[in-house]
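This report is meant for a reader who is meeting the structure for the first time. Please look through the sequence and the model before reading on.

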Amino acid sequence: MSHMNDADPNQPITVTIDGISVTVPAGTSILEAAKKVGISIPILCHHPDLSVRANCRICIVEAKGQRKFKTACSTEVWQGAEITTNSKTIREARKTVLELILAEHPRECLECIRNGSCELQKLAQDFGIKEVAFTPSRHVGELPIDDIHLAIVRNPNKCVKCGRCVEVCQEVQTVRAINTAHRSHRYEISTAFEKNLEETLCVSCGQCVAVCPVGALYEQDETAKVWAALDNPDLHVVVQTAPAVRVALGEEFGMEPGSIFTGKMVAALRRLGFDKVFDTDFSADVTIMEEGHELLERIQTEGTLPLITSCCPGWIKFAEEMYPELLPHLSTCKSPQQMFGALVKTYYAQKTGISPEKIFVVSIMPCTAKKYECARTEMNDSGYQDVDVVLTTRELAKMLKQANVSVRDLPEETFDDPMGTSTGAAVIFGTSGGVMEAALRTVYEVVTQKPLGNLDFTVVRGLTGIKEAEVELNGQTIKVAIANGLGNARSLLEKIKEGQVDYQFVEIMACPGGCIGGGGQPFGTTMAKKHERMKAMYQVDKKLPIRQSHKNPSVVTLYKEFLEQPLSHKSHELLHTGYASRNIDKEVKQ
Amino acid sequence: MVMTRQLISSNWGNIQPESVEEYAMAGGFAGLKKALSMQPDEIIAEIKTAKLLGRGGAAYPAGAKWEQLRAIPHSPKYIVCNGDEGEPGTFKDKMLLSQDPLRVIEGMTIAAYVFGSQDGYIYIRGEYLGIQKVFQQAIDNAVKEGYLGSRILGTDLTFNIHITSGAGAYICGENSALLNSIEGKPGYPRIKPPHLAEVGLFSMPTLVNNVETFSAVPTIVMEGGEKYLSYGTPDSGGTKLICLSGLSRRNGVYEIPFGVTLRDIIYGSEIGGGIARGKKLKFFHIGGQSGPCGTPDQLDTPYCYKALKSAGLSAGSGAIVVLDESVCIIDYLKGVTEFFIHESCGKCTPCREGNQKVHDILCKLSNGMAVEQDIALLKRLSSMMTNASFCGLGQSATVALDTCLKHFAEEFDAHLQQKCPAGVCFEEQERVAI
Amino acid sequence: MKKQLTRDKVLKIIQANGCSKERLLSILLEIQQASGHNSVDEEWAQLVAEQVQMPITQLYNVLTFYAMFSTKQRGKFVIEICKSTPCHVTKSDEIVKMFGDELGIGISETTPDNLFTLMHTGCVGACDIGPVAKIGEQVYGNLTRKKVADIVASYREVEQHGYDTAANLL
């Protein structure tokens, strides 16, 4: 309807949907307009944070004067439109579309990882499907499952071809490890030349998993390994939890997004049987100590600038594959997760006299790439695999449900020492701009030797994809940039490569919004939910008594007793690492 | 009235196709010369008067399309010729491209003049690789003689035509899929709006017309829109290349003036000459695979867009497949559905899954395994595909089925009783009965 | 099978066609034609992707979307029998059987000497002379058992004598 584009963008439009009148700005989709009057048109391929594809044809509606149905997600309202979302004709047509999808789908919901959280299951329930009139035309369930990747499993039998994962990998993350292929009944989503994901440029960011509506993409389930460790009386099992987990775990138990769940999370982990419940935030403070001094050293010795953060393994792999020439910019600091593992099996082992080979380190992360990170061959500076298993937020929730833990009814508990105390600077690591702000809070005082009056660097906060800021530091202007989402990172890196910008410090997080939007977070994550989780992080930060990493008493003790000072020989041995070019697939950098 | 008229097929077999000299001697490029002396809006007015409807199948009024593009303020504007002729039963563009390529070039160049375009693309299907070479030769010769390239015929007009190849995808005949294909992508159709006039090739305003449509443009400019219209009927100006195939006595391409009847076409001595091997006409499939099937009592329908539409038929690409009593309706429809299964791009549920389910039921009918509910299921599937598919392929995949359900309901019923009037299905059972 | 393509040859094909995304299909078709086994090997797909600056997953999407391409090796001569309805009603099924009888293979199969592959194809625009078979750029219509036998014999001769084309033999 070309006249829709002639509409004055400033003129509001009045339409009727199911007989109800509603006025909306020009450019509003039928889907959005309907929401305003309490009509929830069903969707499948649509995702609020992705561009419209309109290929599932579930959200079809009737429009007066139009012979064919319109898809509500892709059609903008026009003045005087009369839309019907709920006639017999439309209900029947939608049901037929859904039945066609169900006919080709393995309907083994009781054994599926998405039982209870599957969007297709919900549609079948809402539509009141009692039988599927069609028999499958393809052999359902016979395609091989790709499960040798460290972090992500692909089950193409369950794919409903919504295309969300392709959109996220190709356009948002620009990794481009998966795409559509073939056509007609052979149309599928796969890797090039049907390779295993393991052999592709996949960086394990898990954004594909995060947007998949069904059980076609999910993380490697390692809960069995953790149960085995917990059930093993010979092992001392220690757990660390990432900052972004505590503001999202509650959603798995019916809490609103952004509920602060820290105390109950700690109590729940104790109920599972962990010998010690520690906090990754502790080692995030250590990361700031090391990285802050690394930044100062580079600035003072005119080393490679900008310094780029290195706590995100999805980003690290992306850099190794796509921008190996920029590897010298990366901080040599390991991520907090990996620093933690190395310290537990040395510092903590020595302090307690427990043999490191009896210590089993579990890490709860909002992230799928951390599963890949802990298995990187160089991550064994303690003499053992520093971190043994990584579980996602979702896997932890599963374990808690298996263990009959009524998480919401638990009392608030606190982390164990000596690796459980942390600061506000550490907790904000989980959101875009958090690492940058944490570093600035420490670097400022190290350089100026003066107390920092205002600890809130609001200029670096927020979920915007690329942020730039300038900070005054002892008379010097420090230019910083922050990117979240690998597509945004790529834009920034191109500028850095071409020498078009002169930042000193850059923070990159692979997931849009940062770790709060990680591939391991509760399903159904949207920008709106990320906003709530982000707000919660800064609330926690504000309330904590100590908000700067270098003031963390446990960290002070760690350096006094063990590491001596930041960037010491011991620090370099345990807490720093190197990177390698993985540009071996002859993939093209865009 | 005349049964055939050679407005755009006059050069076939009479000139060396790539020769600018021979083309010019036969009256070629006179249209371009005249156009260059006219105002762009005058040219568009002639095309509107001519009632030139898109000759690829969609029959969108060319004049309106050109007018809409003219109103778009952005540039550059691209001229794209759709030479993806993939509709079974259609082989007319093949003739134009191989026998009279310079006419197509002339039509595109006139469009370039109207829109101030510097670059044009002609998308020729990959199955016509040999023809692509001929066309390239024609382009090179035209450039050499000053009818293409820089400063055409000494004017400010600079226009170059680039050939891009298809590689076996009928869906690339859909204009937005075609543009995606030129851009080096698979041919998945685009969401519309925005329309191609605004966001087309490389996101710029674009004109996409069929080979035959461009071929008519020089004639319209030379003779004027009114004269062109007068060759046809009041709603359909000029002539149409129709393609007879199947079981007609004389398969081939014929240029007919709008207004001749289907009877004239199928039985006329200058055209089809009746049914091969002395058989009787059972039905015909008109317009392409996505067109309707017609019956013998519709033969007196005049071949023009309005009359055909009123009769529940359609001109489409110009294809007319002639079918006699030896053809089983169910078996035929299976072939139609297999075509759509093969050519579906796969991205939308109704087309990707619906065509398969239609085929499954047709197979059940021809295997004697179908039941009454299967007919209702066919209708349910067809209705949903027609109204909910993403693009025209899925939307029209069941047109033939719908018309056969209407006109040949008894043949579906017969198959439910495991009987095949044409003797194609249940052969084994027939023999056993004997 | 002797490897006919080299990195240099493929680069030349890319250059000759023009190294751009608009020329992608022409480039891939020519590489396929020159391969000697009517397919595009992964090695050359990667090279093309690199040259036109396209991620390999996007190039693979193109290779698998368009029906004229194959990523699996096929015979030197691919015999494509049109199965669209105008050819179907002129008994294209029987033509498949005839080729099958001559070559001893069925649809999607290749002769043991890797000379012939038999395939179905969609409409090739020769509906007026159905039933039709297409081999390379040659289209053969109004087929009969004798014509089928002659066609197969002529391609065997082409292979034996190293001719460029069978066009002169029929």
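## The interface of chain B and chain A

Buried area is the accessible area, taken with a 1.4 Å probe, that two parts lose on being put together, summed over both. In this model, which is predicted, chain B and chain A bury about 2900 Å² between them, and 54% of that area lies on carbon and sulfur atoms. Seen as contacts, the interface brings 34 residues of chain B together with 37 residues of chain A.

Across the interface of chain B and chain A there are four salt bridges according to the rule applied, and one of them, at 3.1 Å from N to O, is formed by the side chains of R183(A) and E343(B). The same rule-based approach gives 20 residue pairs in polar contact across the interface of chain B and chain A, counting pairs in which both residues have pLDDT 80 or more. On the side of chain B that touches chain A, at least two residues each come from α13 (329-343), α14 (349-367) and α15 (372-388) of chain B. The helix that gives the most to this side is α14(B), with eight residues, and by class the side of chain B that touches chain A is made up of 14 nonpolar, twelve polar and eight charged residues.

## The fold of chain B

Chain B contains 19 helices and nine strands. Its radius of gyration is 22 Å, close to the 22 Å that the globule rule gives for 434 residues, so chain B is as compact as a globular protein of that length. Along the principal axes, the C-alpha atoms of chain B fill a box of roughly 80 × 45 × 35 Å.

Of the 434 residues of chain B, 66% count as buried. When contacts in chain B between residues at least 6 apart in sequence are considered, 71% of them join residues at least 24 apart.

## A buried glutamate in chain A

E445(A) belongs to helix α14 of chain A, which covers residues 434-448. Is E445(A) buried or exposed? E445(A) has a relative accessibility of 11%, and because buried means under 20%, E445(A) counts as buried.

The side chain of E445(A) is joined to that of H550(A) by a polar contact of 2.8 Å. Beyond its neighbours within four places in sequence, E445(A) is in contact with several residues, among them K450(A), P451(A), L452(A), Q548(A) and K551(A).

## Backbone features in the loops

Most residues other than glycine have a negative phi, and most peptide bonds are trans. Against that background, the peptide bond from K192(B) to P193(B) is cis, with omega near -5°, and P193(B) is placed in the loop between α8 (175-182) and β4 (206-210) of chain B. In chain C, a cis peptide bond with omega of about 0° joins G130(C) and P131(C), where P131(C) sits in the loop between β2 (116-121) and β3 (133-135) of chain C.

Positive phi values are also found in residues other than glycine, including N404(A), whose phi is near 55°, and N38(C), whose phi is near 45°. N404(A) lies in the loop between α12 (393-402) and α13 (424-427) of chain A, while N38(C) is in the loop between α2 (24-34) and α3 (42-52) of chain C. With a relative accessible area of 69%, N404(A) is exposed, whereas N38(C), with a relative accessible area of 17%, is buried.

Methods: Residues numbered from 1 in each chain as written. Chains lettered and ligands numbered in written order. Predicted model: local features only at pLDDT ≥ 70, side-chain atom pairs only at ≥ 80, totals over all residues. Heavy atoms only, no water. Contact = heavy atoms within 4.5 Å. Polar contact = N/O pair within 3.5 Å; in protein donor to acceptor, adjacent residues only side chain to side chain. Helix = DSSP H or I, 4+ residues; strand = E, 2+ residues; numbered from the N terminus. Nonpolar A, V, L, I, M, F, W, Y, C, P; charged D, E, K, R; others polar. Rg over C-alpha atoms; globule rule 2.2 N^0.38 Å. Buried < 20%, exposed > 50% of the residue type's maximum accessible area, 1.4 Å probe, protein only.
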